[in-house]
Amino acid sequence: MSSSSAPPSFGSPASPLQPTGMLSREQLIHLFNRFSFLTSQPDVKKRISDGVKDKQEAVAITTAIQEEILLEMGIDPRFGIACLGKVNMVYENDRDLMVRFYGFVAKEEVACDEAELEPDEFAEKLQIQQKMQEKQLEMLKNMRKFHPDDQSAILEMFHQQMENADFDSSTAVLTPEQIQEVRKRMKSGDYLILDSV
């Protein structure tokens, strides 16, 4: 489906807005794709940047954009935004959706940074993020060598480490040595969080 095509029919303007339940996988994917498309458009980038210049928080503007997409989809915006806070719990076992969700979160962060930072600061931050993503990809390739149960345990401990470090980017990668240490600790039943390297 092309991002510029009409959105799928999730509800019609004549029908009431979805106020309860949880957003479906398809609804979430549409929201993520539509948000990514819109925030890559020059007029939307300008809208966010102009808002920041007018002393609005960039995240408030990106949230408003998400609410507009939810309305297009026939979903109560407050309900839809609340559902985003539950994606981690409801879809925790859907790895593909979780990857898309984290991509969506990253896209929002980039849109905010682009509006808030000077061009040279933004370029530097993007370069740092790209290097971090390359290290994370290498970490994931290394993890694929292991049994799926080991992979799940490593990711769980990795998540705990990130949480304990308040999601500091310096803890966003486990080295091969740290992964081996996690596996050793798993086998011994010692689930202590690793120190970041």
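Guide: Helices (H or I, at least four residues) and strands (E, at least two) are DSSP runs, numbered from the N terminus, and by that reading Thr62 has its place in helix H3, residues 58-72. This is a predicted model, in which local features need pLDDT of at least 70 and side-chain atom pairs count only at pLDDT 80 or more, while totals for chains, interfaces and linings use all residues. Residues are numbered from 1 along each chain as its sequence is written, and side-chain values use heavy atoms, with hydrogens and water left out.

Visitor: How many helices and strands does the chain have?

Guide: The chain has nine helices and zero strands, and from the N terminus on its elements run α-α-α-α-α-α-α-α-α.

Visitor: Is Thr62 buried or exposed?

Guide: A residue is buried under 20% relative accessible area, exposed over 50% and partly exposed in between (1.4 Å probe, protein chains only). Thr62 has a relative accessible area of 0%, so it is buried, and of the 197 residues of the chain, 34% count as buried.

Visitor: Which residues is Thr62 in contact with, leaving aside its neighbours within four places in sequence?

Guide: With contact taken as heavy atoms within 4.5 Å, Thr62 touches Phe35, Ile48, Glu108, Ala111 and Cys112. For the chain, residues 24 or more positions apart account for 61% of the contacts with a separation of 6 or more.

Visitor: How many aromatic pairs does the structure hold?

Guide: Rings of Phe, Tyr and Trp (its six-membered ring) pair if their centres lie within 6.5 Å, and planes under 30 degrees apart count as stacked, over 60 as edge-to-face and the rest as tilted. The structure holds five such pairs. In one of them, the rings of Phe101 and Tyr102 have centres 5.6 Å apart and planes at 55°, so this pair is tilted. Phe101 counts as buried because its relative accessibility is 8%, whereas Tyr102, at 42%, is partly exposed. Ring pairs link Phe101 and Tyr102 with Phe32, Phe35 and Phe104 into a cluster.

Visitor: How much space lies in the largest pocket?

Guide: Rolling a probe the size of a water molecule over the atoms shows where empty space is left. On a 1 Å grid over the protein atoms alone, where a 1.4 Å probe fits, a pocket is an open set of points with protein on both sides within 12 Å along at least five of seven lines, and lining residues have an atom within 4 Å of a point. Here the largest pocket holds about 2,100 Å³ of space. Its lining has 37 residues, and the closest to its centre are Met98, Val99, Tyr102, Gln136 and Phe158. The elements that give two or more residues to this lining are helix H5 (87-90), helix H6 (95-116), helix H7 (119-143) and helix H8 (148-164), and the largest share, 13 residues, comes from H7.

Visitor: Where is Leu140, and how far apart are the C-alpha atoms of Leu140 and Leu174?

Guide: Leu140 is in helix H7, and it counts as partly exposed because its relative accessibility is 39%. Leu140 and Leu174 are 34 residues apart along the chain, and their C-alpha atoms are separated by 9.2 Å.

Key: Points joined across faces, edges and corners; volume = space filled by probe spheres on them.
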